[in-house]
Structures are given as C-alpha cells and as structure tokens.
Amino acid sequence: MFKTKILLPLVILMSLVLIVLSACTSTSPTTTSPVATKTSPVSSPTLAANQVLVVNLAGEPATIDPNKASWAGERSVITQVFEGLLGFNQDLTLKAETAVEIPTVQNGGISADGLTYTFKLRPEVTWSDGKKVTAKDYVYSIKRMLSPEVASEYASFYYAIVGAEEYNGAADKDEATRARLRDAVGVRAVNDTTLEIKLVQPLPTFLQLMALWPVYPVREDIITAQGDKWTEPPNYIGNGPFILKEWVHQDHMTFVPNPNYWGTKPKLTTLTYKMITDANAAFAAYKNNELHITAPPVGTEKATMADPVLSKEIVRYPELTTFAFQFNVTKPPFDNVKVRQAFSCAIDREAFVNNVRNGVGKPAYSWIPPGMPGHDPELGKEYAFNPTKAKQLLAEAGYSDVSKLPEIKFQFSDTAGNRTIAQFLQGQIKDNLGINITLEPMESKAFTQLVNAGNHTWAWFGWGADYPDPDNWLPQLFGTKAGNNHTLYSNPKFDALAKQALSELDNTKRLQLWAEAQKLVMADAPIVTMFYRERFVLVKPSVKGLKTTGMDGQISGDMFFKEVYIAP
Amino acid sequence: MTKYIARRILWLLLVIFVVAFITFLLMHLVPGGPWDREKQLAPQVVENLNKKYGLDQPFLVQFGKYIWGLLHGDLGVSYIYQDRGVTSIILEGLPKTATLGLVAFLLAIFIGIPFGMAAALRQNSLVDYSSVIFSTIFASIPAFVLGILLMIVFSVFLHVLPTGGWGGISYIIMPAFALAAIPAAYISRITRASMLEVIRQDYVRTARAKGLGERIVLIRHILRNALIPVLTITGPELATLISGSFIIESIFSIPGIGRLFVQGVFQRDYGLIMGSILFYAFAIAIVNLVVDILYAAVDPRIRYD
Amino acid sequence: MEATATQISARPHHTLWGDAYIRLRRNRLAIAGAVIIVLIIIGAVIIPYVSPYTFDKQDITAILEGPSREHWLGTDSLGRDVFTRLLYGARTSLAVGIFTQIIILLIGIPIGAVAGSLGGKTDNLLMRFVDVMYAFPDILLIILLRAILGGSIFNIFLAIGLVSWVNVARLIRGQVLSLKQRDFVTAARAMGGSSGYRIMRHLIPNSLGPIIVLVTFSIPRAIFAEAALSYIGIGVKPPTPSWGTMIRDGYDVIFAAPHLVIFPAIAIAILMLSFTFLGDGLRDALDPRLRK
C-alpha cells in the first residue's frame, strides 16, 4: 500500500520530466506566427508582403536623449531616429552622413594646424516634421551635451573642444558665468550649412568622436518646450531613417520609416523592439517565431550548432571587446612582474575558448582586438599557455615553494558568465601552478567600487570600444593615474609615447607609436588578456540585408537596419 | 473596532516613516553608488551628476527633502530612467503587476483551499497523498524554472501562447500560474494542517454527536476555526503577489513594477528603491490590518483589548 | 473484581514525549522520511571518500554531458561530475535548510506567542515591529551585512533567519489569539499556571500543525535564498556547490542541458517530502488528543 501511493505520483512526475526533456530537444514547424519563416529564392530582392522586423532590445533603455545616453541599448534606439555629421561603414571606416564630405586638410575641412574643423552640411537634410536641419541644431546639441546641468556621461570625451572643460565644470557657478562660459565654447554656426569647431590642441581622432551619438543634432525648440518629456513620442523628433511611433514602457518600442528622410527610405514598414530581459525567454520567443534575431543563451552554443534547423540560422562576427584579468600591481605577489607573467603562462586560453565557450570568441594574447587599427596578432605569444615556463618564471620570482605565497584572492562581479570564468581560472591555477586561489564573488556595484578604489588583488574585466581607435584603448587604462587605470600600472615610457601619439597628426606614425606602447604594456603584464568576444546570434532566414559590425549597439546589425528587408 | 482601525492607521504612517528612514540609511551605507561604472566616469562628470541629484548634500538634508516630496505625492526621480519620475513609473507599471498578482492570488486560493480541505477530510487517501506530493513538487521548483517549463511546453512546443508581453488573457495565463504555484501549494498544506487540528477538537465531536449535518459542522465549526492560520499567511502572500515578482516579470516580460526594486538595488537607483519599498510597506501594513480585522470577524472569541 | 479494576487503572504511565516517541515509531511514512534524511546526510558525508571525482575537478573535454556510465548524473558547464556535486551540495543545503529554521523558530515562536497571549500594547508594538520587518529591504540588509561581516557561511543562516522569522511570529500569534479564550486555557489559568507555563505546555503544542507546514515549506525557500545570496558573495563560495546554486547555474543552459536543473530539483523535492512526512508524524505524535 505504501509503495503504490508513492510510486504513482512518482511515475506521473517522471512522465512530465520526459515530456519536457523531449520538448527541449525538438523544434517544430510553425503555423500561426507573426514572423515569416519560409526561405526566399536566392538572387533578386523580392519583398514579402509583411515587412515587419521584430528584435529584442533586452530591456528598457534608461534614456534615449542623444546628449545623455551611454548604454548600448540606448544607442540601438538613437541610431534609428537620428543621424550625425559622420558615421561608420561596415568596416568601421568613417563616412560622411549629414555632412557633405569628411573634413580633411586637403579639402580645407581641417586647418593646417589641426585646430579648426569645418563641416559642410547637406542642405536637403530635414527633421521628420519637415523642418530643415541647420548648423544651429548641431551647435545647440554640442553645447547642451557639455552643459553641467545635463551632466552627460560622455562630456569628457569632448574636452578637446575650446572651452568645453571649463563649461562642463561650471556646475556651482552662477547663471551669468555659466552663460558666458557657454558662449565661449568653440562651436559656432558660420551659416545654416556650415559648422565650425575649434580645438584646444590637435586631436587626430576627433573625426571619430564626431561620428558618435552625443553630437547628433537635437531640436532646441522641442526640448525647451517639453523638457524631459521630449523623448516620448510624438515629441521625439529626429533626422534619421525612422520615427519612434510608440513606446510602451518596459514592453516595446515601434518605429516606422521617416517620410521626410533625406536618404534612401527603409524598406521595412515597421521595426519593433521588444524588451525581453531573460535570455531563455528570448530564445523561446525566437523559437516561437516572435523574434527575428536573438542570441542563444550563453553556454548553449554547442547545442545550437548541433541543431539541424538552428545551425543554419547562425550569424557570427567579432566584436571590438577584449576581456582580461587585471592585477593590482601594488599588491604582493603581483607586484613582481615575473609572477604576473607566470600566471599568464598558466592559463590555457585555447581550451577556454574552444571547450568552455564552444569556440565562440578568440583567445587573446594582446590587448587591442582584431578589427581595430593597431591590432598585433603576433604580440604576446611569449606568454601563451606553457605550464613548464610558468613554474620556471614563478621560481625565478623567488616562489619555487608555492606555500610561501600570500593568499591570492580573485574578485569578480557575480554573473553567470563570470562565475564560470572564475572557476575555470581557479582550476587552471591549481592544476598548472599548484596554487589555490580564493574566489570572491561580489555584488556588482560593490565590485565596481572596490576596483575603482584600487583595493582589489586581481579582478576580471572587459573593455568595449567607444570608437575604433587605440586612443580609446590605451591611455585611459595604462597611463599613470589615468581614469580607468585600475591596475595602478605606471610606466613613464608609456606615458611619453601616449602623449606623443595623442596629438600626432600623421596617422601611420601615430599607429606606430601606439604599437610601441602596446608592446610595453604586454611585456610588463599588468593584465592577462583572455579572449576577444564574438557575437553569436540566430537570424531568421527571411531577414535579408543585415549588416553586422564590430561596433553594433545592443542588437546585431542595428547600425544598418535601414537596409534590412524581409524576403517572402 | 473603529477606534482600533483608526489607531492602526496612525501606526501605519509611523511604520512607513520608520521603513523610509531605515531604507534611506541602508541605501547610503551600502558600498558602491549609482555612478560607479566599470568604465569609470570622469570626476567632473560624477561631480555634475551628484550636484544634479542633490547627492552632495548631507544625509539628513537629503532625507528631509525626500519626505517633504513624499508628503506632496512626489516620489522623486530615477537615476536609471532619467526622463521619467518615480511616481509616473510606478503608476504606469502598477496596474499590470497588480492585475497579475490578483489573478495569481485568486488562482492560489481557489486551487489551494479546496485541495487542502479535500485532503484533510479524506486523510490518508489518494487525494491526500497526491496533494502532498504535488504541493511538494511545486514548492521545490523555483518560480523561474516553472516559468520556463510552462513557456517551453505552451509556446515553443505547442505554439498556443505567446512567450511574454502584455495585452490580454493569453499573456496572463502562464505567469499567473507560475506565480500561483508555490502559494497554492503552501495554502493547500496550511489549510489541510489547520483543518486537521480543528477536526480533532472536542467541539467538533460534540457537534457531530449532536447529529448536526456534515455541511453545517463543516462550515460553522471547522472552517471558521481553521481559517485563522490560512488568513495569517494569505494576507502577506497577497501583498507579495501584488508588489510583483522580479523573476516572473523578467521571464515573461511583464511591464510592471516587480522588476523595479531589484533593478534599483543593483544599480543603486535610490528613487526606485525608496518608491518600491514604500509601496510594499504600505501594501503589507494594509493587508495585515485587514487580516487582523478578519480574525475578529471569523472568530468571535478574538478580542483586541 | 478487584483484579480487573486494577488492570484497567494500571495503564502504563508515559510522559507526553515518551508517548509521542512510541506513536512516531509506528508511523511508517514518518520513519521513511527520517530514514531518507539520514541517508542523504550519510551520502553527503561519505561522498568524498567514495567518488572517483572531487566536486571541483574540471574536465573541459566533457562539458555539459548527459547521464552516462562515467558520470551517473552527467556533467556541468566545466565538466564536473553532477552526482558528486549533488551529494556534496547536500551539506550546504541541509545545513542552510535546518539551521535557518532553528533560528526562525527560536526568534519567531517566542515573539508571536508573547504578542498573542499578552495582547494589548505589547501585541501592538511587536506586530508593528513585524510590519517594519516585513517591508524590510532584506536584499539591502544582506548586502550591508556582507560588506560589514564578510561572507562566511554562518552569516547566511543569520541573514536568512533574521528576515524570515516574521511569518512564524504572525502564525503563532494568530493561533494563540484564537486559543487563549478556550476552555483548557482558562482551566490552566484557574489551576494557577503562570503565563509561561500556559504558553509552553498548552498554546504551542496546539499550534504546531501550521507551524510544521511552514517549516517544511521554508526549507526549499531557504535553499533558494542561499542560492540568491551566494550570488552576492554571502555563504558558500564557488566552486563549493549547493542545490540552489546548481539550479540557478543550470537555468542558464536549460535549453542545452536540462538535467542540470532537474536533478537538484528532485533532490530538493525528496528532502522536502521527507521533512513533510516526518513533520506530519511529529505533529500527530505530539497531539495530546490522540493519546491512548
């Protein structure tokens, strides 16, 4: 009697489990779905009747005000509704968007001393309500971005502009002083179609900064009238290929083509951003044909590549992001360069990328990622995985007996991906060096604070490009006392090289200087680079014209959604 | 009784004030602040931001300003969602979370109580054992796993329900069930346990011996006494359900307020944290008051002296 | 005549607890529950000596594999043996499950009983304190605790216990409120029993039913709370496993390897079921009305 009363429910449970297991491993064809799934005939761009693209923004954007925005998701919205003077091609070279041409010394756009930039605007560019975009709109936008009240997170990037830093630092000054400083900022509209910007000192990467969203034009009249509400439709007026028609907070955003767009109009009739935060839910939505693009949950890539249907829908491309371990070079035992090099040799990056990460990503032996000018594929190989060399280096550092080492803690911000990496690292150090490190998972902000204060021993971090140049990758991280230098690394030779490179107008010489600087850093090993991240997404076969870049926002291909169309 | 209620409402205001103060204090004591980023912001930018949001002022001044705003119905600003005030954020999300919570609550009591009663009345039968086993299973599966399982079965496998979002009954079914599972299991077991306690009492035997019909015995004697513990736990469960579940709202992309608190904590958005806490504190205090009143209604022997 | 009278009156004398023990022994389900719990404990203790794998041995050539002859319950995302980790994880989960309950009961029962039986101002004050605790931002408190005290495992018991006792308190209070007007309580008071005696001997044993249910339900809740807390560094540190963290880690790859979620969930269900039967048996055994 006892047995049957327990067995029966157990059997029911088992059958439920079996049903679920079988459901997980099979994908079934769709019947009722908002997303077309038939593949199209190859060559000619025949359009399906339903030109609706549905993608996942993975969360509600904090702000879509171009002057204030900083997160990838926000960028995904802004690049649809606004367009700047300059932009990036798919290969990350600069192109002229609302400017007629890229300013150069030859065409007079850049003065010979590199201090004055003149942009000629296309006269046909209009806002979505029909009004013309003029140089005044850019002036207003740049000054607003630099204003202390707006407190834009990217303001410091533009301190090269005359008067920018002073104006941005005027938070506690009175009205009159602030107005005066504002007028003194070196940006002015020569006429409706000419914009002039003056710099404090030459900055060879300034054009790249002008391709970023904080300097997209915005409408002074709307912002003055609506205040913070201007980012809600229908006030959210831009000059880009799409209009934000509807924003249901925390739920979705709907874009439609801008009828007054000056360029080639998008073929899509509707672009929808959903806000699914859970990776598994997004994957389920994709399988239920509610999304056209999604990333499979991290760790399931192998299963995805083995799936007969999904494996054909994979799109992979490298991202300009490097992940590395950063030491605190002031804390023993990491104050000894040989110890740092030893640790670098003790980690099998290949195994991590190929086995743990299913081959998604590339092992990294140097800091600047492939696709970025300055990437050196040969650099750093002398500290590749080599357990014998690792032990040797450790012995040379004076630690042939590993029990003499002080306790080593590894701190990381506790997320699923980080936990895997941390435990992998722990295993590697134990197996290859015989050292037991202590893992310290930390709550995200507590971790950030720890690292920013320089109190960590050894921590995990990632760095993604704001713009594709070593300017953005080396000085803030490795310069003495630089803003993002949490390794506390300091090398006067590096600082000298950086100073030179930041103002060197000859691009070849400049990149050479950065290459030297990077070599210094890799030799001193304040960080152990681990891997370059790769985007691994699924795209429904009906989606055509998708152009992915290493600097995509939150959604793959979002820099070129205006060229996407749905095949029948 | 009215005096009692009036006194409780005064206490409620005091409770809210205390909760606000403690939360405010904790928020500022916790390591890490809203502007700490992996890509550290320039010091001038941080200074500007602190000034903009008044974070450079002394603690009590900040707290005072917050309470002043609260008394005027203004819950402050959000650092995450910089262009919308906390009041409007909560007002927008509240109806959705509350609807979902209410549906889940109704599911939980209309499944839980009958099952619990049936199990108690037929103790040691198949009904009893299967209700025990099922309630255990549902309590051992965390809500997010249950949610995903439902999604896999009904969306991915059967294609009959959307995976998430908001807009009609088909969007509520799965999250409501996922939310209701554990409370239903819990309520059914408490009901069963409590009824078993009561069934064995002498006065029940007396009532039966008196020849009263089973239904009258059930309703007038057993249920009224058994309901006390059920009420005790159902109240807070309702408050919890209404203030939303972070996990379920994340998985099913419900545009409600359940996600706000955890988001706020992890990003140190003081406005969101305070708003969510105060709302929850208010809900709990009201619910506990209602439960206490219902105790007296259900069991005439209970007095509040 | 005298012989039968003596026989009838010479009932063997048992104390409440002795009698309870005898009745418990006869309840087969309760015994089964207790046996399973003991088996889990034994398994958790001997697993390091019995398994060919350690709980942290990574094998990156065998990642996310299903059950097989080498790995009875499969492997996880770093190639570690799930069976070994499951039994090793029982240590943490059992400890968390049991010790937090003890803290909860030690704090909650007295507070609730006192509030209910004394009534009036004491009740009001204590219950308003409970209201504050309910709304208490436990995540914040826990992050703060972690920053101040560090992340040892004992802080987990404390942290979870300190924010969870309120349900027990309210439950007991509710029971006491309804019981205190009853005849046997009046009788006890008339007999000269102090309030403490009344609480311990009469009110609490009669409230046990719902309390036991709450305790059994709190066990998986505590296990999941521990998993959530380990995410912010309180409690066991990786790579030490616990059932809650195994489920949460497994959730991320549920589409590729559902076994990582299913097996720990089954383990939790079995544990909870065992405590349920044991708890029910205890309640039946201690029920004074079922005494022979």
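Where in chain C is the place of P238(C)? P238(C) is in the loop between α9 (195–230) and α10 (243–252) of chain C; helices (H or I, at least four residues) and strands (E, at least two) are DSSP runs, numbered from the N terminus.

A word on conventions. This is a predicted model, where local features need pLDDT of at least 70, side-chain atom pairs count only at pLDDT 80 or more, and totals for chains, interfaces and linings use all residues. Residues are numbered from 1 along each chain as its sequence is written, chains are lettered from A and ligands numbered from 1 in the order in which they are written, and side-chain values use heavy atoms, leaving out hydrogens and water.

Back to P238(C). P238(C) is buried, at 12% relative accessible area. Buried here is under 20%, exposed is over 50%, and partly exposed is in between (1.4 Å probe, protein chains only). Which residues does P238(C) contact, leaving aside neighbours within four places in sequence? They are F412(A), R419(A), Q423(A), Q426(A), L439(A) and P441(A). Contact means heavy atoms within 4.5 Å. D56(C) is 182 residues from P238(C) in sequence, but 9.1 Å away in space, C-alpha to C-alpha.

D56(C) forms a salt bridge with K430(A), with the closest N and O atoms 3.4 Å apart. By salt bridge I mean a side-chain nitrogen of Lys or Arg within 4 Å of a carboxyl oxygen of Asp or Glu. There are 2 salt bridges between chain A and chain C. There are also 7 residue pairs in polar contact, both at pLDDT 80 or more. A polar contact is a pair of N or O atoms within 3.5 Å; within protein, one must be able to donate a hydrogen and the other to accept it, and residues adjacent in sequence count only if both atoms are side-chain atoms.

Which elements of chain A give two or more residues to the side that touches chain C? They are α1 (2–24), α8 (279–287), α9 (301–306), α11 (349–356), α13 (416–433) and β14 (438–442). α13(A) gives the most, with 9 residues. In total, 37 residues of chain A contact 33 residues of chain C. The two chains bury about 2,800 Å² between them, 62% of it on carbon and sulfur atoms. Buried area is the accessible area (1.4 Å probe) that two parts lose on being put together, summed over both.

Next, chain B and chain C. Here 68 residues of chain B contact 56 residues of chain C. The buried area is about 5,600 Å², with 70% from carbon and sulfur atoms. The rule finds 3 salt bridges across this interface. E237(B) and R221(C) meet in a salt bridge at 3.3 Å, N to O. A network of salt bridges links R8(B), D292(B), D123(C), R170(C) and R173(C).

Last, pairs inside a chain. The structure holds 37 salt bridges over all chains. In one of them, E534(A) and R316(A) meet at 2.7 Å, N to O. E534(A) lies in strand β16 (residues 527–539) and R316(A) in strand β11 (residues 314–327), so the pair ties together parts 218 residues apart in sequence. E534(A) is buried at 17%, and R316(A) is partly exposed at 35%. In chain B, R84(B) forms a salt bridge with E92(B), the closest N and O atoms being 3.5 Å apart. R84(B) is buried at 9%; E92(B) is partly exposed at 30%.
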